[in-house]
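Hi there,

Here is the structure I promised to pass on to you. Please have a look at it first, and then read my notes below.

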Amino acid sequence: MIRRVAASPLLGLSLAALLWSGNFVVGRALRLAMSPLSINFYRWTIALAILLPLTLGPLKRHRGLIVRHWKLIALLGLTGIACFQTLVYVALSMTTAVNCLLLLSLAPLAIALASWALLGERMSGAQLAGIAVSFAGAVVLVAHGSASALAALSFGAGDLWMLVAVALWTVYSLLLKRAPPELPQLALLCGSLVVGVALMLPFHLWLPSHERLSSMSWQAWGGLLYIALFASVPPFLLWNRGVASIGPSKAGTFIYLMPLFGALLAFVFLGEAPQAYQLVGGVAIFAGIAVMSSNLVTHGGPD
């Protein structure tokens, strides 16, 4: 099963979306325990402590390649590790998870447009239709199937931070296309983690002492370990592999799965019964992704 997921970019991207979905719920809960920067710093420090011993061999073997592409790796660490997720946690501390998921649904469109404008990546009419259908499904989910609920959504400073985070994720996804294919994904991610953690360290040291790990409750520890172990390295590796395989604009469509997975997680762990609007939104999301996937099969990969 693990090999099948690793070999299929479509399954891998779907699993990445599932693992990331829980991050929004946990990140929202952790806002009362520590600052957004602390959440992100501890998350990636724990992940790096686990990943680094497993990656020493590839890092040594490809050190020349890493040195040649240090600027790219530094930018990946800055955008995808240090800044993007910190801003997501900033947004979650100031606005609802619903608003964040709605704004995150703009990422596939932003990635597609940026890929077309900057990379010359062409999108067929079917692919654009798939993006539109999936986006509509995501809107149905976050609005609970109600036009009045969608109109009643209010946007403030937290939502603006989420828009900045979406822009950074778009940049990160485009940068991944420039990564050398001969550099293993583990080494690429580990290198960007080192940069991201190093960039956050000075700012973290300025924070109050009550945000140190020793003063955290067991609930906060549990939430932090979840996002460090399950919502960090595995989905990033799956996402990076998917982007490298099918391109950033097509991979971006799988972000639309996150509102659907969020609803499923609420049902499994919180006992919240699924609603009709969730079925409608889920069908639309899967229909849009199916259109994108069939186009990939027809054309044999990214244009």
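**What I found**

Just after helix H7, glycine 120 takes a positive phi of about 70 degrees. Helices here (H or I, at least four residues) and strands (E, at least two) are DSSP runs, numbered from the N terminus. H7 itself covers residues 107–119, and its buried residues include Ala107, Pro108, Ile111, Ala112, Ala114 and Ser115. Buried means under 20% relative accessible area, exposed over 50%, and partly exposed in between (1.4 Å probe, protein chains only).

Before you go further, please note that this is a predicted model, in which local features need pLDDT of at least 70 and side-chain atom pairs count only at pLDDT 80 or more, while totals for chains, interfaces and linings use all residues. Residues are numbered from 1 along each chain as its sequence is written, and side-chain values use heavy atoms, with hydrogens and water left out.

**The chain as a whole**

The secondary structure comes to 16 helices and 0 strands. Of the 303 residues in the chain, 51% are buried. Contact means heavy atoms within 4.5 Å. Among contacts in the chain with a separation of 6 or more, 90% are between residues 24 or more positions apart.

**Helices that cross**

A crossing is left-handed if the near helix is turned anticlockwise from the far one by less than a right angle, and right-handed if clockwise.

- The axes of helix H2 (residues 9–30) and H13 come within 8 Å and cross at roughly 145 degrees. H2 passes H13 in a left-handed crossing. On the H2 side the contact residues include Leu13, Ala16 and Trp20, and on the H13 side they include Phe236, Trp239 and Gly242. By class, this contact of H2 with H13 has 13 nonpolar, 3 polar and no charged residues. In this count, Ala, Val, Leu, Ile, Met, Phe, Trp, Tyr, Cys and Pro are nonpolar, Asp, Glu, Lys and Arg are charged, and the others, Gly among them, are polar.
- The axes of H3 and helix H11 (residues 185–205) also come within 8 Å, and they cross at roughly 145 degrees. H3 passes H11 in a left-handed crossing. The residues of the contact of H3 with H11 divide into 19 nonpolar, 5 polar and no charged.

**Aromatic rings**

How many aromatic pairs are there? The count comes to 12 aromatic pairs. Rings of Phe, Tyr and Trp (its six-membered ring) pair if their centres lie within 6.5 Å; planes under 30 degrees apart count as stacked, over 60 as edge-to-face and the rest as tilted.

Tryptophan 44 and phenylalanine 236 form an edge-to-face pair, at 5.1 Å centre to centre and with 90 degrees between the planes. Tryptophan 44 lies in helix H3 (residues 36–61) and phenylalanine 236 in helix H13 (residues 233–246), so the pair ties together parts that are 192 residues apart in sequence. Both tryptophan 44 and phenylalanine 236 are buried.

Tryptophan 169 and tryptophan 239 form a tilted pair, at 5.4 Å centre to centre and with 45 degrees between the planes. Because tryptophan 169 lies in helix H10 (residues 157–176) and tryptophan 239 in helix H13, this pair ties together parts that are 70 residues apart in sequence. Tryptophan 169 is buried at 3% relative accessibility, and tryptophan 239 is buried with a relative accessible area of 1%.

Ring pairs also link Trp20, Trp44, Phe84, Trp169, Tyr172, Phe236 and Trp239 into a cluster.

**Cysteines**

A search of the whole structure finds 0 disulfides, a disulfide being a pair of cysteine sulfur atoms within 2.5 Å. Cysteine 83 is partly exposed, with a relative accessible area of 26%, whereas cysteine 190 is buried at 1%.

Cysteine 100 lies in helix H6 and counts as buried at 0% relative accessibility. Leaving out residues up to four places away in sequence, cysteine 100 touches Phe24, Ala91, Leu92, Thr95 and Met162.

Technical notes. Axes are lines fitted to C-alpha atoms, for helices over the stretch in contact, and angles run from 0 to 180 degrees between N-to-C directions.
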